[in-house]
Amino acid sequence: NGSISAHVPRPHSIAYTATKHAMTGLTKSLSLDGRPYRIACGQIDIGNAATDMTARMRSGILQANGELAVEPVMAAADVAATVVHMAALPLEANVQFATVMATTMPYVGRG
């Protein structure tokens with residue numbers, strides 16, 4: 001899985017953001033190289049699924065302007081439903097990239 005951080009990183013996230021950029025390259029390369037073998041792959045860019053990793057979002061997380069802000073989260077089951085949908089598609093159809101995020105999280109316009 002990818003992350004919204006590959007599109008709009010958070011402060012102090014260089015290693016995490018770099019790995020998510022790598023996932024995008026891996027997804028594109030596997031999609032191309034897998035074609036002759038009927039291999040399809042897709043990437044899910046997740047934003048603020050409620051997990052242990054995002055627990056700090058509920059108490060405030062550093063924003064690009066230097067302020068702390070509480071951010072909304074969504075149920076991890078919503079991400080799982082997207083995975084199930086992508087996996088259920090026939091090989092003739094593929095979701096190359098999907099963004100699943102908490103509706104009101106600061107993604108569009110982050111920074």
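Predicted model: local features only at pLDDT ≥ 70, side-chain atom pairs only at ≥ 80, totals over all residues.
Biologist: Why is T54 called buried?

Modeller: The relative accessible area of T54 is 9%, and the word buried is used for values under 20%, so T54 counts as buried. Its place in the chain is the loop between β2 (43-47) and β3 (61-62).

Biologist: What does T54 touch, leaving out residues up to four places away in sequence?

Modeller: With those set aside, T54 touches N48, A49 and V73.

Biologist: What makes the pair of T51 and T54 a polar contact?

Modeller: A polar atom of the T54 side chain lies 3.0 Å from the backbone nitrogen of T51, and the cut-off for a pair of N or O atoms is 3.5 Å, so the distance falls within the limit.

Biologist: What makes up the largest nonpolar core?

Modeller: That core has twelve residues, namely I4, V8, I44, A49, M74, V79, M86, A98, V100, A102, M105 and Y107. Both α2 (76-88) and β5 (97-101) supply at least two residues of this core. In soluble globular proteins, nonpolar side chains tend to be buried together.

Biologist: How do you know that M74 is joined to other parts of the chain, and which residues is M74 in contact with beyond four places in sequence?

Modeller: Contact requires heavy atoms within 4.5 Å, and on that basis M74 is in contact with I46, G47, N48, A49, A50, V79, V100, M101 and A102, once its neighbours within four places in sequence are left aside. Among these partners, A49, V79, V100 and A102 also belong to the largest nonpolar core.

Biologist: Which residues lie closest to the centre of the largest pocket, and what is its volume?

Modeller: The volume of the largest pocket is about 440 Å³. Its lining has 24 residues, of which S3, Y16, M53, T54 and M57 are the closest to the centre, so the buried T54 also takes part in this lining. At least two lining residues come from each of β1 (2-3), α1 (14-34), β2 and β3, and by class the lining holds ten nonpolar, ten polar and four charged residues.

Biologist: What makes up the lining of the second largest pocket by class?

Modeller: There the lining has twelve nonpolar, five polar and no charged residues. Two or more lining residues come from each of α1, β2 and α2, with α2 giving the largest share, three residues.

Conventions. Residues numbered from 1 in each chain as written. Heavy atoms only, no water. Core = buried A, V, L, I, M, F, W, Y, C linked by side-chain atoms within 4.5 Å. Buried < 20%, exposed > 50% of the residue type's maximum accessible area, 1.4 Å probe, protein only. Helix = DSSP H or I, 4+ residues; strand = E, 2+ residues; numbered from the N terminus. Polar contact = N/O pair within 3.5 Å; in protein donor to acceptor, adjacent residues only side chain to side chain. 1 Å grid on protein atoms, 1.4 Å probe; cavity = no way out; pocket = protein on both sides within 12 Å on 5 of 7 lines; lining within 4 Å. Points joined across faces, edges and corners; volume = space filled by probe spheres on them. Nonpolar A, V, L, I, M, F, W, Y, C, P; charged D, E, K, R; others polar.
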